[in-house]
Amino acid sequence: MTVKNSDFKIDVTSEIGTLRTLLIHSPDSGLGKVVPSKAQDWLFEDIVHLDTMRRNEYDYYVKLLLYFLDPDKIKGKLQQIESDYQREFFKPDHTNFHASNNVIEIQTLLADILQQPDIRKKLVASVCAIESCNYRLQQQLIDTDPIELAKIFISGSLNDDEMIFAPIPNLIFSRDLGIAINNHMLLNKPAKKARFRETLLMRYIFFNHPLFASYQNNILEIPETAQHFLRPGEDNQEKTTLEGGDVMMVSPQHLLIGCSERTSISGANEAIKLLFDNDVVKKVTIVKIPHKRDYMHIDTVFTQVKRNTWVLLRSLAIAEAPPEEQEPMSWFADKKSKDKTEIVQFRKDKKPKVFNCLEDLLSSISEKDLQSEDKTRFIYSGNNVFPFDSREQWTDSCNLLALKEGVVLGYDRNDKTVEAFKQSGFDVIKVNDLLQKFESGELDPKTLTDTLILMPSAELSRARGGFHCMSMPLLRDKVI
């Protein structure tokens, strides 16, 4: 087995505790095979230039994660890594791969479990059933080297050339497939067919990789409801779906679940029952946002920066103005606006509680759940200036990943949001400059505070997901 870690733990109690371990997947060759006619079916807005996405964008993410989570893998080697045109350090199937036990590559875990003949046969059969492969191809895949087979399952191609089934380009958005909630894992149910194979691969990894052996009883799977099978029609709208971008572990006993374009009410309902029945958390808050491609998940609308600070889209975050403050036309508008956020908090064996707006909920989390003594602050997408608020939300200004409290990653293209961070007292630095300062010793990840790290984004932003999406945290320090 490639990944072995005797100190491995699953324990996530917040969105901002210092990140120690996460799962990621670097852009693979399948991303380079997305064609315009299938882009939206495969949940992409556009086709991307793979080499630029890897070399000039995502590789910086991996290097930064290693400096924070596993510095021995990179400190003192940065120049050598960056001068290697073949990018061997970033390739999971290469002998020079970084193979970090803290920045864990999904493809490596998949190759590990495929070493087991019985698992390989079962998983090949399952993938071939989903993808309608013929029998001879199934036999060929069973006899394929496990490392190569892992690449095939992810890219959809034999020998990087012959496509035998569709790629799964959304695997880079690892959060959508599973969420660590305290010391449990909630495996999710993606809404779109394009992500079914990803879900299958992750189930096999969590239930069969020795890394997760001691957590087998803590893996929760959302079932489909009987009503779904009995409803008329092939493609009804009441499926039980839940994706990780709609799930946030905001404090040790409090989970947020978004109901969105990708997560259904039924999915949230089944998740709550599972979590309460297994005593995983004491309260779950449902945040229902408009079912629009603009928003997709709640982490495209808000993410946490510090105990008392959040970045969010203001148009979805505030309560409706009272009638006397509204313009005349608002008196005749539909009062049941589909663009209004609805928030209901469920507590085990207690009556549900309703919040008027997102800002009230987030203030409650900061001040009551996380015991913040400071007033809750909000940093708005596009600095709350139209049309930049909507433009920058579309390119993930609100979709930030906290490496530690107050140190977050975001895209460099969201200029007005960057201004808002500066106005709120945050330092702003480009990732390449930061890496050089880490390498020289001028700055230290352990002492960095209140910083927005700007990541290059020309190609990554086309995929419609930020760094919160591109991470599956498995271990964070507790927020004290």
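Q: How much space lies in the second largest cavity?
A: About 70 Å³, in this predicted model. F173, D176, R262, M296 and R464 are the closest to its centre, out of 12 lining residues.

Q: What makes this space a cavity and not a pocket?
A: A cavity is a set of points where a 1.4 Å probe fits but cannot get out, whereas a pocket is an open set. The structure holds 3 cavities of 30 Å³ or more.

Q: What is the make-up of the lining of the second largest cavity by class?
A: The lining has 5 nonpolar, 2 polar and 5 charged residues. D176 and R262 line this cavity, and Asp and Arg count as charged.

Q: What volume has the largest cavity, and which residues are the closest to its centre?
A: Its volume is about 90 Å³. Of 13 lining residues, V12, E15, R175, A180 and P473 are the closest to the centre. Strands β5 (178-181), β8 (247-251) and β20 (472-476) each supply at least two lining residues. By class, the lining has 8 nonpolar, 2 polar and 3 charged residues.

Q: Why is α3 called roughly perpendicular to α7?
A: Helix α3 (residues 106-113) and helix α7 (residues 196-208) pack at about 65 degrees, with axes 10 Å apart. Angles of 65 to 115 degrees count as roughly perpendicular, so α3 is roughly perpendicular to α7. The crossing is left-handed.

Q: Which residues make the contact between α3 and α7?
A: I106, L109, L110 and I113 come from α3, and L201, M202, Y204, I205 and N208 from α7. By class, this contact has 8 nonpolar, 1 polar and no charged residues.

Note on methods. Residues are numbered from 1 along each chain as its sequence is written. This is a predicted model: local features need pLDDT of at least 70, side-chain atom pairs count only at pLDDT 80 or more; totals for chains, interfaces and linings use all residues. Side-chain values use heavy atoms; hydrogens and water are left out. On a 1 Å grid over the protein atoms alone, a cavity is a set of points where a 1.4 Å probe fits but cannot get out, and a pocket is an open set with protein on both sides within 12 Å along at least five of seven lines; lining residues have an atom within 4 Å of a point. Grid points are joined across faces, edges and corners, and a volume is the space filled by probe spheres set on the points. Helices (H or I, at least four residues) and strands (E, at least two) are DSSP runs, numbered from the N terminus. Axes are lines fitted to C-alpha atoms, for helices over the stretch in contact, and angles run from 0 to 180 degrees between N-to-C directions. Angles under 35 degrees count as roughly parallel, over 145 as roughly antiparallel, 65 to 115 as roughly perpendicular and the rest as oblique. A crossing is left-handed if the near helix is turned anticlockwise from the far one by less than a right angle, and right-handed if clockwise. Contact means heavy atoms within 4.5 Å.
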